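Good morning, and thank you for coming.

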Amino acid sequence: MIDRRILTHFDFLLLLIILPIISMSFFLINEANEAMSIKQAFYIAGGFALFWIIFLLPFRSMNKIIVVFYWLCIVLLLLVDFYGITKLGAQRWIVIPGIGVSLQPSEPIKIAIILMLANIIYYNPPPRSGYLWKDFFKISFYIILPFLLILKQPDLGTAIVILIMGFGVLFLVGVNYKIWLSILIVVLIASPLIYGSLHDYQRKRIHDFISESPSYHVRQSVITIGSGGLLGKSKENSTQTQFKFLPIATSDFIFAYYIERFGFFGGIILLGLYIGMILHILSFCFVNKKDYRLRVCASGTAILIFVYTSVNIAMTMGLAPVVGIPLPMFSYGGSSFITFIILLAILENLLAFRFNFEYNSNPFKNISKKGPLAQLVRALGS
């Protein structure tokens, strides 16, 4: 028998928001490349099957498993340096022996960081004035360690995303404002050194971004967006995509392809879905202010979706440097899609099973075993 409180607390609105996003994504991928759409269909089917498996796991009582999962992801990031394979000039993948499937450890580490922070903050909640330096350094260690390992691959885009996600969670949960002011001053002073430590191709991306003449990819993306007009074009008239002028049309620059097909008004609808999803997930933080597991997972997921969405869309319009950040649950590919589906499943689990957190405490645990009130309770119980 299923406890009715599970269905009561399950958030069906979240599913109603993501289903149109996934459907429009599959429509565009199928239109551009049928072979790729078959693979995407497997990713989607596998993602939703995994969603229900993850949803049923007891995350509120998996403290030790979460710690093991975090350090396993750290080990995988270390193995990339020794046994990783190189794609597109970066060593970011490892091959799973026996099945030949490649894994990018920088994807599961995002889930591991969020779950690890949720555990730590749940058992050590911030005081009213926010965390001070000692607790801040202890928690920051679990963010900075994977950041440095991913930065070494090199994967600057993903490393910065992890940094923003981790410290964004701490900002929303509560850190003393003096710490943020100190960090801001240090970053401003050290910015020339940080820029000098970048790889040549990373500096070139920055140069392309601030130069008067953007790169070929960005120029074609901007032309594609402009050609969509208000209402978009039919498949046959989407010349930028059909004639392959738009590079990577189904992944990094899929937003430009979408605008060419559905125009300005279609773009407003898609942006509205993402904004609605982000705000809706952030609203979970107010369900129960004492439920730090839910608050951390909700804020971390919302920040991750916001960063991915804003950077990807800004990148296609020439408002941000070109980095390999996909549009969440919209760009072609399985790794990023599975990551976000798992995060949404964890959120649904913490929501649907939160009665274990809210209702299962003993309201009479602080009552003395002696005295008239204790006698009354025993009498009512009998």
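Let us start with helix H5, which gives the most to the lining of the largest cavity, namely 3 residues. Please keep in mind that we are looking at a predicted model.

How many cavities of 30 Å³ or more does a search of the whole structure find? The search finds 1. The volume of the largest cavity is about 50 Å³.

Which residues line the largest cavity? They are Phe59, Ile66, Leu115, Ala118, Asn119, Arg293, Cys297 and Leu350. Helix H5, residues 108-123, and helix H13, residues 292-316, each supply at least two residues of the lining.

Next, I turn to Leu343, which lies in helix H14, residues 335-352. Is Leu343 buried or exposed? Its relative accessible area is 3%, and because buried means under 20%, Leu343 counts as buried. Along the sequence, Leu343 and Phe55 are 288 residues apart, yet in space their C-alpha atoms are 9.8 Å apart.

Finally, we come to the surface. Here Leu230, Leu231, Phe264, Phe265 and Ile268 form a nonpolar patch. Together these residues have about 540 Å² of accessible area. One of them, Phe265, has its place in helix H12, residues 254-282. Phe265 has a relative accessible area of 44%, which lies between 20% and 50%, and is therefore described as partly exposed.

Thank you for your attention.

Conventions:
Residues are numbered from 1 along each chain as its sequence is written. This is a predicted model: local features need pLDDT of at least 70, side-chain atom pairs count only at pLDDT 80 or more; totals for chains, interfaces and linings use all residues. Side-chain values use heavy atoms; hydrogens and water are left out. Patches are made of residues with over 30% relative accessible area and no salt bridge: like charges are joined within 9 Å, nonpolar side chains (Val, Leu, Ile, Met, Phe, Trp, Tyr) within 5 Å. Accessible areas come from the Shrake-Rupley method with a 1.4 Å probe; for residues, only the protein chains shown count as cover. A salt bridge is a side-chain nitrogen of Lys or Arg within 4 Å of a carboxyl oxygen of Asp or Glu. Helices (H or I, at least four residues) and strands (E, at least two) are DSSP runs, numbered from the N terminus. Buried means under 20% relative accessible area, exposed over 50%, partly exposed in between (1.4 Å probe, protein chains only). On a 1 Å grid over the protein atoms alone, a cavity is a set of points where a 1.4 Å probe fits but cannot get out, and a pocket is an open set with protein on both sides within 12 Å along at least five of seven lines; lining residues have an atom within 4 Å of a point. Grid points are joined across faces, edges and corners, and a volume is the space filled by probe spheres set on the points.
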